[in-house]
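Open the model in your viewer and keep a selection panel at hand. The tour goes stop by stop.

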Amino acid sequence: MSNIERAEVFVASPGRSFVTLRLTTSDGVLGLGDATLNGRELAVASYLRDHVAPLLIGRDSARIEDIWQYLYRGAYWRRGPVTMTAIAAVDTALWDIKGKVAGLPVYQLLGGRSRDGVLVYSHASGTDVPSLLDDVARFRELGYHAIRAQAAVPGIRGTYGVRKGAVYEPAATSLPEEQPWSTEAYLDHAPTYLEAIRERFGFGFHLLHDVHHRLTPIEAARFGKRVEDCRLFWMEDPTPAENQESFQLIRQHTTTPIAVGEVLTSIWDVQHLITEQLIDYVRTSVVHAGGITHLRRIFDLAALYQVRTGSHGATDLSPVSLAAAVHLDLTVPNFGIQEYMPHAPETMEVFRSGVRFEDGMLHPPEEPGLGVEYDEKAAERFPYEPRYLPVARRLDGSVHDW
Ligand SMILES: [Mg+2]
């Protein structure tokens with residue numbers, strides 16, 4: 001029996017902030033888990049250090065499901081992003097350990113390949129339509145078969161999804177930046193650039209768009225209907241998902257596929273959306289939805305209703321999460337697509353990952369476990385710096401969904 005002997009939590013900001021859990025077994029096997037909750041990092045770090053680490057010491061590292069149930073049911077207080085991210089970190093680290101003990105990459109433990117590679121989409125953006133078109137051309141040249149497109153809405157400073165430098169990083173200030181928002185201006189503008197992309201580049205690749213929770217259900221219905229001829233792969237988060245019945249209204253009006261779930265953290269949070277067939281893609285991720293064990297359960301439920309997977313994979317997930325996602329994506333029968341934004345070079349100095357991009361797809365490392373190493377020494381050069389996501393306000397000054 002190989003017991004958990006140490007549980008260490010690292011918080012560092014190599015390019016952006018990451019919380020990383022490292023478990024060590026009595027046999028000296030290391031397992032890594034991502035515990036990053038963008039803008040609330042220290043809450044999960046404390047949850048792990050103060051409340052979870054003491055419970056893990058001495059437990060059999062092979063009992064992944066039992067430890068998941070123990071941490072979930074044993075906390076009494078269930079669900080929520082802090083709890084589910086902490087459990088996810090432990091679960092991911094235990095799969096990493098199991099792979100190393102077995103001498104197999106994690107995807108082999110999950111049933112082996114269902115496909116040759118993991119189709120990914122990345123983010124094209126522009127401060128205006130011509131620069132967006134140039135960016136789409138660049139991603140096409142890089143070999144992407146699926147591209148998300150976002151352009152600045154004229155007159156709306158800091159529109160969601162528009163890159164300033166080489167890497168899109170919305171969590172950029174030590175206190176939340178407040179950004180203006182106009183639904184009217186967005187609804188007038190966004191369909192025109194999606195149409196311009198199809199006009200210039202045709203339909204030989206998947207085109208995606210993220211509404212980022214900004215519309216009411218009827219506005220989202222109007223948007224989806226308006227862009228139907230663009231044949232989007234999906235419109236993402238058209239309206240906030242707390243009121244899940246509202247997706248029925250959107251469905252009544254449009255055949256544009258819907259993707260939801262990056263802020264949802266458990267199978268119970270997506271149950272209604274899936275079983276009522278209100279969405280086409282579920283965006284829950286390894287790190288925020290309870291790890292590989294729980295995400296696989298969500299994906300299996302989704303498969304019964306022909307809902308496909310489309311996990312969140314922005315740079316606020318560490319390379320540990322990305323690797324775990326690629327191992328899982330490779331195996332699930334109802335895989336749809338995986339979001340992928342390459343990490344900053346500083347991030348890759350700290351996380352050495354064997355995940356590789358080729359011809360629009362990601363491929364997992366073939367070494368045992370997840371195939372990612374954490375360089376503690378390199379991380380010391382990037383001390384934690386708090387950074388917050390922006391807050392949106394309508395033009396009359398009232399708070400909107402960011
Ligand atoms: Mg999104």
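Select Asp-269: its side chain makes a polar contact with the side chain of Thr-265, at 3.3 Å. A polar contact here is a pair of N or O atoms within 3.5 Å; within protein, one must be able to donate a hydrogen and the other to accept it, and residues adjacent in sequence count only if both atoms are side-chain atoms. Asp-269 is found in helix 9 (residues 267-275). Helices (H or I, at least four residues) and strands (E, at least two) are DSSP runs, numbered from the N terminus.

Is Asp-269 buried or exposed? Asp-269 counts as buried, at 15% relative accessibility. The classes are buried under 20% relative accessible area, exposed over 50%, and partly exposed in between (1.4 Å probe, protein chains only). Now show Arg-79, Gln-244 and Leu-264, which Asp-269 touches, not counting residues up to four places away in sequence. Contact means heavy atoms within 4.5 Å.

A note on the source: this is a predicted model, where local features need pLDDT of at least 70, side-chain atom pairs count only at pLDDT 80 or more, and totals for chains, interfaces and linings use all residues. Residues are numbered from 1 along each chain as its sequence is written, and side-chain values use heavy atoms, with hydrogens and water left out.

Color by domain: the assignment gives domain 1 (4-104) and domain 2 (109-369). These bounds come from an automatic or database domain assignment. The contact takes 34 residues from domain 1 and 34 residues from domain 2. The area buried between them is about 2600 Å², with carbon and sulfur atoms giving 63%. Buried area is the accessible area (1.4 Å probe) that two parts lose on being put together, summed over both.

Across this interface of domain 1 and domain 2, the rule finds three salt bridges. A salt bridge is a side-chain nitrogen of Lys or Arg within 4 Å of a carboxyl oxygen of Asp or Glu. Select Glu-65 and Arg-297: they form a salt bridge, the closest N and O atoms being 3.2 Å apart. Next, show helix 3, which gives the largest share of the side of domain 1 that touches domain 2, 13 residues.

**Stop three: salt bridges**

How many salt bridges does a search of the whole structure find? The search finds 24. Select Arg-113 and Glu-366, a salt bridge with its closest N and O atoms 3.2 Å apart. Arg-113 lies in the loop between helix 4 (106-109) and strand 4 (118-126), and Glu-366 in the loop between strand 15 (361-363) and strand 16 (372-374), so the pair ties together parts that are 253 residues apart in sequence. Arg-113 is partly exposed at 41%, and Glu-366 is partly exposed at 47%.

Move to Asp-210 and Arg-148, which form a salt bridge with the closest N and O atoms 3.2 Å apart. Asp-210 lies in strand 7 and Arg-148 in strand 5. Asp-210 is buried at 2%, and Arg-148 is buried at 0%.

**Last stop: helix 13**

Select Glu-376, in helix 13 (residues 376-379). Glu-376 is partly exposed, with a relative accessible area of 33%.
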